[in-house]
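Please keep the structure in view while reading.

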Amino acid sequence: GGKIDATVALNTLSVEEALERSPSLSKLNESLMSDPMGMAFLTNDIRVALMTFRVIDEEKVCTEDASGRTTSRAGNGGEVPRPPIPGT
């Protein structure tokens with residue numbers, strides 16, 4: 001369906017493809033041509049955003065069973081284990 005296709009598209013998108021497909025990113029990229037530092041920040045921000053989509057998708061694969069329900073590693077239906085990071 002549409003949501004799955006969009007997820008696959010985001011997971012396979014490169015920085016260059018994101019710049020080509022998004023008019024607003026493309027315009028911003030053009031405005032930063034004379035600013036190497038700004039260009040570096042922009043491409044890095046895009047890279048982080050794309051990686052975030054990949055990580056979210058990979059987390060779903062690890063925490064959902066075949067029917068799409070969230071499972072736990074212990075198999076007791078409890079909460080999915082998380083790293084000991086405050087606020088997560």
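In this predicted model, the axes of helix H3, which covers residues 23–31, and helix H4 come within 9 Å and cross at roughly 155°. Since angles over 145 degrees count as roughly antiparallel, H3 and H4 are therefore roughly antiparallel to each other. Two packed helices are described by the angle between their axes together with the distance between those axes.

**The contact of H3 with H4**
- The crossing in which H3 passes H4 is left-handed.
- On the H3 side, the residues that take part are Leu 25, Leu 28 and Asn 29, and they meet Met 39, Leu 42 and Ile 46 in H4.
- Sorted by class, this contact between H3 and H4 consists of five nonpolar residues and one polar residue, with no charged residues.

**Helix H4 itself**
- H4 spans residues 36–63, which gives it 28 residues, and the 40 Å from its first C-alpha to its last is close to the 40 Å expected at 1.5 Å a residue.
- The buried residues of H4 are Gly 38, Leu 42, Thr 43, Ile 46, Leu 50 and Thr 63, and among them Leu 42 and Ile 46 also belong to the contact with H3.

**The chain as a whole**
- The chain holds four helices and zero strands, so that, read from the N terminus on, its elements run α-α-α-α.
- Of the 88 residues in the chain, 18% are buried.

Definitions and conventions: Residues are numbered from 1 along each chain as its sequence is written. This is a predicted model: local features need pLDDT of at least 70, side-chain atom pairs count only at pLDDT 80 or more; totals for chains, interfaces and linings use all residues. Side-chain values use heavy atoms; hydrogens and water are left out. Helices (H or I, at least four residues) and strands (E, at least two) are DSSP runs, numbered from the N terminus. The expected span of a helix is 1.5 Å times one less than its number of residues. Buried means under 20% relative accessible area, exposed over 50%, partly exposed in between (1.4 Å probe, protein chains only). Axes are lines fitted to C-alpha atoms, for helices over the stretch in contact, and angles run from 0 to 180 degrees between N-to-C directions. Angles under 35 degrees count as roughly parallel, over 145 as roughly antiparallel, 65 to 115 as roughly perpendicular and the rest as oblique. A crossing is left-handed if the near helix is turned anticlockwise from the far one by less than a right angle, and right-handed if clockwise. Contact means heavy atoms within 4.5 Å. Ala, Val, Leu, Ile, Met, Phe, Trp, Tyr, Cys and Pro count as nonpolar, Asp, Glu, Lys and Arg as charged, and the others, Gly among them, as polar.
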